[in-house]
Structure formats: structure tokens, C-alpha cells
Amino acid sequence: MNVAASTNSSEFEVAETADIAVDHPLFSQMPSSVSFNKLRKRLLRQVRQAMDDFAMLKGQKRWLIGLSGGKDSYGLLAVLLDLQWRGLLPVELVACNLDQGQPNFPKHVLPNYLASIGVKHRIEYRDTYSVVKEKVPEGATYCSLCSRLRRGNLYRIAREEGCDALVLGHHREDILETFFMNFFHGGRLASMPAKLLNDDGDLLVLRPLAYAAEDDLAKFATAMQFPIIPCDLCGSQDGLQRNAMKAMLADIEARMPGRKDTMLRALAHVNPSHLLDPTLFDFSSLAAVPANDDTN
């Protein structure tokens with residue numbers, strides 16, 4: 001894996017040199033600045049690199065894009081539409097928002113926006129908010145249960161829509177934060193994979209933004225003027241473990257620029273014989289072989 005570098009393949013060169021004068025309607029109001037064009041190209045390159053590294057395009061015909069209304073999922077949808085518009089993403093895209101019944105959720109924002117840019121979509125209402133509030137003790141975090149309920153519904157919707165993959169907007173920081181949460185609190189080395197097969201074996205979960213930086217997605221969302229919908233359920237809770245990991249990583253990056261990309265590369269270069277898991281490496285078979293005795 002090379003997070004920052006571009007590839008030498010002719011297919012990727014097309015993405016770098018493609019004429020961007022004619023754009024998807026989503027980009028009709030985009031800035032014309034050099035800095036924005038560089039940002040856009042960088043996100044396109046990183047998404048295509050992730051797709052190539054993890055073989056995300058392998059016979060799929062239809063993808064369900066999880067759209068929360070946050071900056072990351074908007075950015076994901078925009079980049080995928082951009083690639084599709086250029087003829088570089090030969091799959092049908094269906095955007096889906098799961099309205100989880102949060103109080104004061106602006107139900108009109110996403111369907112109006114998606115209709116305005118001509119994106120096929122489905123808005124699904126399921127009151128998981130009440131379930132989470134009822135099941136999770138006061139003071140505990142909602143994220144785990146909320147995520148499980150949301151994922152189960154998205155799997156169902158993907159099947160109903162005839163999709164063979166669920167595509168999510170998790171980015172570089174999400175992957176690193178999850179790794180350190182598992183490292184510090186779960187006692188295991190694990191993170192979010194860029195490509196996952198669900199337990200039933202009938203759907204892939206894809207994360208094309210695996211190499212994309214959260215700061216870039218935030219800048220992209222601001223420049224594109226996406227109608228952001230905040231998550232008032234999780235956002236209202238202080239002291240989340242993920243926030244602590246985010247702060248730690250931000251501090252490391254500030255003191256040692258480039259460390260986030262180094263950490264991400266480390267997740268792709270694992271040496272099981274230099275860890276402590278006997279299920280990954282057969283330590284029992286290691287034995288020293290005496291040197292030949294040449295004294296005689």
C-alpha cells in the first residue's frame with residue numbers, strides 16, 4: 001500500500017489527466033481555485049488507490065451508499081459520482097439515509113438535496129433512537145448499539161435494493177482511532193478493514209475513503225457547501241473513547257507531521273512472527289539447528 005503516492009497504471013493516469021471541464025451536476029457550484037482542484041484530484045486518486053489495493057471492483061453491479069448527512073458520507077458520494085461520471089466506476093449507485101428517529105431530525109434535507117442532483121436514493125425510517133435510549137444505561141456511550149442497529153438495517157436495505165455491496169464513509173482517522181481503541185481498551189490488534197464480507201456472506205462492506213484524511217474531507221465539504229446534518233445523539237455525549245483517540249492522534253501529528261500516514265502504512269505491513277499471537281505464527285515449530293561440528 002502507498003497511501004500518498006499515485007500509481008503507474010494507465011487506468012489511474014486517466015483519472016489524473018481526465019478533462020474536468022464537464023462535470024456531474026453535483027459540481028456545478030464548486031470553487032474554481034487551484035487548491036480545490038488539487039484537493040479534488042487527491043481524493044479521487046486516494047479512492048481509486050484503495051479500490052485497486054483491496055480489489056473493491058470485482059464483479060459488483062450495484063452499491064448502496066450509506067449517507068448520514070455528515071461531511072464524510074457526502075464526500076464519499078461526491079467522489080464516487082465523480083468517478084462514475086468519468087466512466088471509471090462501472091457500478092450503479094443508490095444513496096440511502098436511515099432516519100433513526102432522532103428528535104428534530106430535518107427530514108427534508110437529504111431527499112431534497114439528492115433529488116436536486118439527480119441521485120437515485122432511498123430514505124428509510126426506523127426508530128432506533130428510542131431503542132438506544134432505552135437499552136443504554138445513563139452515562140454510557142450510545143455508539144456501539146446505535147452502529148449495530150444501523151448496520152443491520154442497511155444490510156436489509158441493500159438486499160431489498162438488489163445491491164451486492166454496502167459502501168461506507170469511514171476515512172483514515174476512523175481507521176486509526178478504531179485501532180487504538182482496540183489496542184488500549186480491547187486488548188487486541190484490530191481496526192476497520194477497507195473491505196469486509198458480512199457474516200451471512202452475501203454482502204461486501206467497502207470503505208473507499210480508507211486513505212483519505214478527515215481534514216481533507218472537511219475542507220471538501222465546506223467548499224462544496226454540503227447541507228450537513230449533525231448527529232445530536234452521539235454528539236451530545238462528552239468523554240467518548242473515540243474523542244480521546246482523536247485528540248491523541250492530533251497531538252502526535254502536530255508534533256510529528258506525517259505520523260498518521262506512517263501508522264496507516266504500518267497496518268498494511270504486519271509481521272506475525274514479531275508479535276505474540278501463536279494462532280497467527282507457529283512459534284512451536286521454531287527450533288535451533290545445531291551448527292555442524294567441524295572439530296573432527
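**Exercise 1.** At roughly what angle do the axes of helix 2 and helix 8 cross, and within what distance do they come?

*Solution.* Before we start: this is a predicted model, where local features need pLDDT of at least 70 and side-chain atom pairs count only at pLDDT 80 or more, while totals for chains, interfaces and linings use all residues. Residues are numbered from 1 along each chain as its sequence is written, and side-chain values use heavy atoms, with hydrogens and water left out.

Step 1: find helix 2 at residues 34-53 and helix 8 at residues 214-224. Helices are DSSP runs of H or I with at least four residues, and strands are runs of E with at least two, numbered from the N terminus.

Step 2: their axes come within 11 Å and cross at roughly 125°. Axes are lines fitted to C-alpha atoms, for helices over the stretch in contact, and angles run from 0 to 180 degrees between N-to-C directions.

Step 3: that angle makes helix 2 oblique to helix 8 (under 35 degrees is roughly parallel, over 145 roughly antiparallel, 65 to 115 roughly perpendicular, and the rest oblique).

Step 4: look at who touches whom, with contact meaning heavy atoms within 4.5 Å. Helix 2 brings Phe36, Leu39, Arg40, Arg42 and Leu43, and helix 8 answers with Asp216, Leu217, Lys219, Phe220, Ala223 and Met224.

**Exercise 2.** How do helix 2 and helix 3 pack, and which residues make the contact?

*Solution.* Step 1: go to residues 71-85 for helix 3; its axis and that of helix 2 are 10 Å apart, at an angle of about 80°.

Step 2: helix 2 is therefore roughly perpendicular to helix 3.

Step 3: on helix 2, pick out Arg40, Leu43, Leu44, Val47, Arg48 and Met51; on helix 3, Val79, Leu80, Asp82 and Leu83.

**Exercise 3.** Is Ala50 buried or exposed, and what is it in contact with beyond its neighbours within four places in sequence?

*Solution.* Step 1: Ala50 sits in helix 2.

Step 2: its relative accessibility is 0%, so Ala50 counts as buried (buried is under 20% relative accessible area, exposed over 50%, partly exposed in between, using a 1.4 Å probe and protein chains only).

Step 3: setting those neighbours aside, Ala50 is in contact with Met56, Pro208 and Tyr211. Ala50 and Tyr211 lie 161 residues apart in sequence, yet their C-alpha atoms are 6.8 Å apart.
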